[in-house]
Amino acid sequence: MDLRRLLLAIATASSLTAVVCGNMVFEVHNKLKGREDRSLAAMRAHDARRHGRLLSDIDLELGGNGQPSETGLYFAKIGIGTPSKDYYVQVDTGSDILWVNCVGCDNCPRKSDLGIKLSLYDPKSSSTGDLVMCDEGFCTSTYNGRLQGCKPNLQCLYNVVYGDGSSTTGYFVKDYVRLDQVTGNLQTSSTNGSVIFGCGDKQSGELGSSSEALDGILGFGQANSSMLSQLASSGKVKKIFAHCLDSINGGGIFAIGDVVQPKVNTTPLVPDQPHYNVIMKEVEVGGDVLPLPTDVFDGGDAKGTIIDSGTTLAYLPNEVYKQLMNAIMAKQPGLKLHTVEDQFSCFQFAESVDDKFPVVKFHFAGSLTLTVYPHDYLFQIREDAWCFGWMNSGVQSKDGKDMTLLGDLVLSNKLVLYDLETQTIGWTEYNCSSRIKVKDDNGAVYSVGAHELSSSTTLVMGQVFPVLSLFVYMLHSLL
Ligand SMILES: *[C@@H]1O[C@H](CO)[C@@H](O)[C@H](O)[C@H]1NC(C)=O
Ligand SMILES: *[C@@H]1O[C@H](CO)[C@@H](O)[C@H](O)[C@H]1NC(C)=O
Ligand SMILES: *[C@@H]1O[C@H](CO)[C@@H](O)[C@H](O)[C@H]1NC(C)=O
């Protein structure tokens, strides 16, 4: 199905400061005072042990599949509330809040074809669930100041509109989210953190009645409102995470923490952007660099290229799209393209696409390369029919601004590492059915393996196709 999800303007302001760490180091120092052994190494070890108790590496169970003709999305399982119940949420690096469907909601899906059981969250039936009021710090910082008309006992509301036009409206609640902390090789134990998230009470568009429904969306953006930022500011995790989306077997790996294996090359994130943006320099098709104008990737509101796990396909500026398609077609001059569902360029082909189509390479600042094989950028709709996953963002954006956005189609089968502490992002080709290694604060290195939550991996032909993500914004209002 789908589409996606970019949160363009969620204004955030000042928030909690990280005094936690300062205090902690101070305490450790005090404890060691007066002891015989005050060597730096001992202090560091002690410090690391204390940190280790606080900073967890998290293993999120993934399901889904990035293939446009299959589910077109990836989702994770998280526990919320006391007692904890499981929720399945789409993982989306292009938006900034976690929300789940709530009891009494209007137009919420009740069942899903993804082979998962949907649940509605009820803040009243969780002994730790609480409402968030408009005068609380989270609300004022998320909306960059006190909302007009805010009085005590008025709730903090949210409204997110995603790129496909679907939207979710509701109110913020606070409760415990249960996650799996990595405690050994392929071993986890339960941990939790208090997180503020959206309780959805009205959904529209695809979020309402889609057959591939989920309980909500887990925004993995870097704004302070995301679950990751909240867990990091309460000293639970580092602001580093990685995904390896497996388009072959479905599911894959999603971990929060320091990934030490595989190693990745990185590129800097463009500062002060609401999303994960990087600088693309060149595009190479079958070994030839396209003669693109140097400012071709500067268009649109977003600077650079957006990396977004919540979008299925890859969107390129008009000029890039045209040259890329021409260069690919030059290798297959006999190919007859026809348009499917008004937007996809498709063709009949019975041979191996990897033998007959060129490899595409995107080059980024800092000599990071993203290699995209024909089996990645082409998706199969029948045994002998394929479509291109490249989309022309120039044609689709109403204001003519050309954005570059890379979604699951090109991000799959790679380990993608987002290091918000060093403000870099990197990737490497990887077998997402295998395992990665994460290092915790004690220096212990553990394997984290792949998961596949759903079992429906059959190719469904002619199913709902993906749409694009662009304009997503967050509105705010009061009850
Ligand atoms: C986010 O939180 C950090 C510390 O927790 C704070 O320094 C920063 O100003 C906040 N950012 C915004 C945009 O509110
Ligand atoms: C959170 O985890 C701690 C430590 O395991 C546990 O004692 C506590 O009961 C948990 N709290 C909730 C609300 O799940
Ligand atoms: C990927 O890893 C899995 C699990 O280790 C293994 O079974 C599979 O053969 C690997 N695939 C490739 C292409 O190496």
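These legends walk through several close-up views of a predicted model. Local features need pLDDT of at least 70 and side-chain atom pairs count only at pLDDT 80 or more, while totals for chains, interfaces and linings use all residues. Residues are numbered from 1 along each chain as its sequence is written, chains are lettered from A and ligands numbered from 1 in the order in which they are written, and side-chain values use heavy atoms, with hydrogens and water left out.

**View 1. The disulfide of Cys139 and Cys156.**
A disulfide here is a pair of cysteine sulfur atoms within 2.5 Å, and the count comes to 6 disulfides. In this view the sulfur atoms of Cys139 and Cys156 sit 2.1 Å apart. The link joins distant parts of the chain, 17 residues apart: Cys139 belongs to helix H3 (residues 137-142), and Cys156 to the loop between H3 and strand S6 (157-161). Helices (H or I, at least four residues) and strands (E, at least two) are DSSP runs, numbered from the N terminus. The torsion about the S-S bond is about 90°, so this disulfide is right-handed. Cys139 has 1% relative accessibility and counts as buried; Cys156, at 0%, is buried too. Buried means under 20% relative accessible area, exposed over 50%, and partly exposed in between (1.4 Å probe, protein chains only).

**View 2. The disulfide of Cys244 and Cys432.**
Here the S to S distance is 2.0 Å. Cys244 lies in strand S10 (residues 240-245) and Cys432 in the loop between strand S28 (424-429) and strand S29 (435-439), 188 residues apart. With -80° about the S-S bond, the link is left-handed. Both Cys244 and Cys432 are buried.

**View 3. The disulfide of Cys346 and Cys387.**
The two sulfur atoms are 2.1 Å apart. Cys346 is in strand S20 (residues 344-348) and Cys387 in strand S24 (residues 385-388), so the bond ties together parts that are 41 residues apart in sequence. The link is right-handed, with 100° about the S-S bond, and Cys346 and Cys387 are buried.

**View 4. Trp390 in the largest nonpolar core.**
A nonpolar core is a set of buried Ala, Val, Leu, Ile, Met, Phe, Trp, Tyr and Cys residues joined through side-chain atoms within 4.5 Å. The largest one has 76 residues, and Val283, Phe357, Val360, Phe362, Phe388 and Trp390 have the most contacts inside it. Helix H6 (residues 318-330) gives the most to this core, with 7 residues. Contact means heavy atoms within 4.5 Å; leaving out residues up to four places away in sequence, the partners of Trp390 include Leu316, Tyr321, Met325, Val360 and Phe362.

**View 5. Salt bridges of the model.**
A salt bridge is a side-chain nitrogen of Lys or Arg within 4 Å of a carboxyl oxygen of Asp or Glu, and the whole structure has 7 of them. Asp258 pairs with Lys238, the closest N and O atoms being 3.1 Å apart. Asp258 is in strand S12 (residues 258-261), while Lys238 is in the loop between helix H5 (227-233) and S10, 20 residues apart. Asp258 is partly exposed at 21% relative accessibility, and Lys238 is partly exposed at 21%. Another salt bridge joins Asp384 to Arg382, with closest N and O atoms 3.6 Å apart. Salt bridges that share partners join Glu61, Lys77, Asp86 and Arg178 into one network.
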